[in-house]
Amino acid sequence: MSRATIGISAVTSRAGRLAAVLPAFALLAACAVPAPRPEAPAQTGAVVVVPEVPPSPREERPPAPAALPDPSHTATAALALAAQSDEAMAAGDLRLAGLQLERALRIAPRDAGLWSRLARVRLQQGAFQQAERMAQRSLQLGSADRGLALANWRIIAEARERMGDAEGARRALEEVQRLERALG
């Protein structure tokens with residue numbers, strides 16, 4: 001056998017093995033599922049709220065997260081955006097304030113304080129349902145911070161009142177009063 005024939009046989013043998021392995025790799029690649037990406041509020045100001053599914057009786061719930069992450073745990077960029085939002089609010093630009101807070105929440109989506117700030121902006125914009133949902137989200141994330149909870153319940157009470165839900169507003173005000181007594 002000549003060297004050229006041996007070289008061709010080796011190439012053909014490798015190609016045959018490659019042809020046998022490629023379908024297996026293609027099958028594995030087709031089964032791969034990309035990691036889920038966190039949802040972020042849209043730039044339009046619309047917010048998608050995903051309802052929390054209660055755990056089954058056998059399912060153990062993870063411990064609640066810390067109330068309000070201290071600034072050392074919140075990304076510097078998110079804090080800078082929150083400061084820019086405060087400046088926009090002071091200038092009366094509620095649209096820009098909301099956009100800056102939405103951007104901050106993309107960076108730090110579990111920051112209860114950012115959710116509460118955005119709820120306040122939405123309340124001032126007249127988006128009462130969004131304001132209530134965002135304040136409730138803040139309550140879920142920052143349940144241990146009574147001061148933040150008090151601010152959120154005030155937002156919820158005002159939003160419900162402005163939507164004409166007198167009974168819901170009354171219940172929220174009862175929660176405000178309970179927290180005020182607890183805080184002293």
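User: Is Arg-154 buried, partly exposed or exposed?

Analyst: Arg-154 counts as partly exposed, at 39% relative accessibility. Buried means under 20% relative accessible area, exposed over 50%, and partly exposed in between, with a 1.4 Å probe and protein chains only.

User: What sort of model is this, and how are the residues numbered?

Analyst: The model is predicted: local features need pLDDT of at least 70, side-chain atom pairs count only at pLDDT 80 or more, and totals for chains, interfaces and linings use all residues. Residues are numbered from 1 along each chain as its sequence is written, and side-chain values use heavy atoms, with hydrogens and water left out.

User: Back to Arg-154. Which side chain does it meet in a salt bridge?

Analyst: Arg-154 forms a salt bridge with Glu-180, at 2.6 Å from N to O. The two sit in distant parts of the chain, Arg-154 in helix 6 and Glu-180 in helix 7 (residues 166-183), 26 residues apart. Glu-180 is also partly exposed, at 35% relative accessibility. A salt bridge here is a side-chain nitrogen of Lys or Arg within 4 Å of a carboxyl oxygen of Asp or Glu. Helices (H or I, at least four residues) and strands (E, at least two) are DSSP runs, numbered from the N terminus.

User: Why would such side chains pair up?

Analyst: Side chains of opposite charge can pair when their charged atoms come close.

User: How many salt bridges does that rule give?

Analyst: The count is 10 salt bridges. One of them joins Arg-120 and Glu-158, with N and O 3.8 Å apart. Arg-120 lies in helix 4 and Glu-158 in helix 6 (residues 146-162), so this pair ties together parts that are 38 residues apart in sequence. Arg-120 is partly exposed at 30% relative accessible area, and Glu-158 is partly exposed at 27%.

User: What about Glu-174, which partner does it have?

Analyst: Glu-174 forms a salt bridge with Arg-170, and their closest N and O atoms are 2.1 Å apart. Both residues lie in helix 7, 4 residues apart, about one turn of the helix. Glu-174 is partly exposed at 40%, and Arg-170 is partly exposed at 37%. Salt bridges that share partners join Glu-167, Arg-170, Arg-171 and Glu-174 into one network.

User: New topic. How far does helix 6 reach from end to end?

Analyst: Helix 6 has 17 residues and reaches 24 Å from its first C-alpha to its last, close to the 24 Å expected at 1.5 Å a residue. The expected span is 1.5 Å times one less than the number of residues.

User: And what sits at its ends?

Analyst: Asp-145 caps the N-terminal end of helix 6, with a side-chain oxygen 3.1 Å from the backbone nitrogen of Gly-147. Helix 6 is followed by Gly-164, whose phi is positive, near 85°.

User: Which helices do the buried residues of helix 6 pack against?

Analyst: They pack against helix 4, helix 5 (128-141) and helix 7. The buried residues of helix 6 include Trp-153, Ile-155, Ile-156 and Arg-160.

User: Start with Ile-155. What does it touch?

Analyst: Ile-155 is buried, with a relative accessible area of 1%. Leaving aside neighbours within four places in sequence, Ile-155 is in contact (heavy atoms within 4.5 Å) with Ser-116, Ala-119, Arg-120, Leu-123, Ala-131 and Ala-135. The C-alpha atoms of Ile-155 and Glu-132, 23 residues apart along the chain, are separated by 6.8 Å.

User: Then Arg-160. Is it buried or exposed?

Analyst: Arg-160 counts as buried, at 11% relative accessibility. The Arg-160 side chain reaches the backbone oxygen of Gly-168 at 3.1 Å. Leaving aside neighbours within four places, the contacts of Arg-160 include Glu-132, Gln-136, Trp-153 and Asp-165.

User: Which residues touch the most others in the largest nonpolar core?

Analyst: Of its 33 residues, Leu-101, Leu-114, Leu-118, Leu-123, Trp-153, Ile-155 and Ile-156 touch the most other members. Helix 2, helix 3, helix 4, helix 5, helix 6 and helix 7 each supply at least two residues, and helix 6 gives the largest share, 8 residues. A nonpolar core is a set of buried Ala, Val, Leu, Ile, Met, Phe, Trp, Tyr and Cys residues joined through side-chain atoms within 4.5 Å.

User: Last one. What do the buried residues of helix 3 pack against?

Analyst: They pack against helix 2 (76-90) and helix 4 (112-125). Among those buried residues are Leu-99, Leu-101 and Leu-105.

Technical notes:
A polar contact is a pair of N or O atoms within 3.5 Å; within protein, one must be able to donate a hydrogen and the other to accept it, and residues adjacent in sequence count only if both atoms are side-chain atoms.
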